[in-house]
Amino acid sequence: MSQSVCILGVTGSIGQSTLKILEQHPEEYSVFAITAYSRINELSEICKRFRPKVVVVPSNRVDELQQRLQAYNLSDIEILTDGAGLVAVAEHADVDVVMAAIVGAAGLLPTLAAVKAGKRVLLANKEALVMSGDIMMQAAKDHHAFLLPVDSEHNAIFQCLPENYLQIDRNGEPKLGVKQILLTASGGPFLNHSLAQLEGVTPAQACKHPNWSMGQKISVDSATLMNKGLELIEACHLFSIKEHFVTVVVHPQSIIHSMVQYVDGSTLAQMGNPDMCTPIAHALAWPKRIQTHVPPLDLFVHSQLDFQAPDLIRFPALRLAREAMQAGDLAPAILNAANEIAVAAFLQQQITFLQIAQVVEYTLNQVQNNSAQSIEAILDIDQCARVVASQRIAQLDS
């Protein structure tokens, strides 16, 4: 029987890769709902190809989408709008699988809605878990949702862990012979840059990742290593493990996607060509495996694999993320909000590359950390941190 899929963020790189997998397996998967924020032309072309039942866009883009759909004789597609529309399709009774691929805090509420509806949730939106990790994981447990990691690193860890590891009670301590998690990082485009060189890098340079094709925000996060910091926090929640059991390893080739070390001296690694279709297909079909277009790894071509420790002086974002996870409560949400604002300011050339981490650290020091007891508290602190970060950027830019 075909599974019905909802893709939150269909026009982004993860959404596009998901469509590739679904197109390869039309008898097993169908597209029920898709969402997009701004790329209405691309969205309408996807509607033409996949004929979803429901589409969600911002309310100010409805007229444009309706005109395009009418031109394709697709006026029977239902259009929903804004945050309420995102939640509606994420929890829809006819949806089996939700690909959570909206970038940033905007993905939090629809992802949580999908979890509370007991869906199979393919988690590509790391910020949702960074902001509300405890609430999200508890909701998955309470509502029997499958929360499966799509980030290549977390998917790799998932593949290397013992069977049923996610189902046992661990309370932050590794079990079943696991000693530690090794979270790999490419190091981004500026791995070998000096501090002086980093001062002058441009948004275009920061968005040019050496191994992966990604959106602007995640590309900048990769360049600052904040992406790895967010992934560290995500790993702690997904695998219920304390942060000191997670070690970040810089691996420039992006061939080993992450590793798990065991108490007997074994280290299991998941390897593959850097293509997001592999972890998407794994999470989509788990515990089965399905075919993708991704070629198998040629070890004779990739014969050299390098590893090194991250430099926390040149890339302080990773330190800030670990400190936020150590502080707990609302600190990760403050970190994430400040980073989103700072990255946007860097992309608009309001601040320098090195000032991204400075804005984040300033915001963490200025905004009081409280208990993350509710989604409302998380959303409130998110807005507060954005205001503080924006004010700091205005000072730096003046």
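The model is predicted, so local features need pLDDT of at least 70 and side-chain atom pairs count only at pLDDT 80 or more, while totals for chains, interfaces and linings use all residues. Residues are numbered from 1 along each chain as its sequence is written, and side-chain values use heavy atoms, with hydrogens and water left out.

Let's start with the layout, whose bounds come from an automatic or database domain assignment.

| Domain | Residues |
|---|---|
| domain 1 | 3–149 |
| domain 2 | 152–315 |
| domain 3 | 328–397 |

Taken over C-alpha atoms, the centres of domain 1 and domain 2 lie 25 Å apart. Contact (heavy atoms within 4.5 Å) links 28 residues of domain 1 with 28 residues of domain 2. Together the two domains bury about 2,500 Å², with 70% of it on carbon and sulfur atoms; buried area is the accessible area (1.4 Å probe) that two parts lose on being put together, summed over both. On the domain 1 side, Ile21, Lys126 and Pro149 lose the most area to domain 2, together 27% of what that side buries.

Now for the charged pair. Across this interface there is 1 salt bridge, that is, a side-chain nitrogen of Lys or Arg within 4 Å of a carboxyl oxygen of Asp or Glu. A salt bridge joins the side chains of Glu127 and Lys217, at 3.0 Å from N to O.

Among the elements that give two or more residues to the side of domain 1 touching domain 2 are α1 (13–24) and α6 (126–142). Helices here are DSSP runs (H or I, at least four residues), and strands likewise (E, at least two), numbered from the N terminus. The most comes from α1, with 8 residues.
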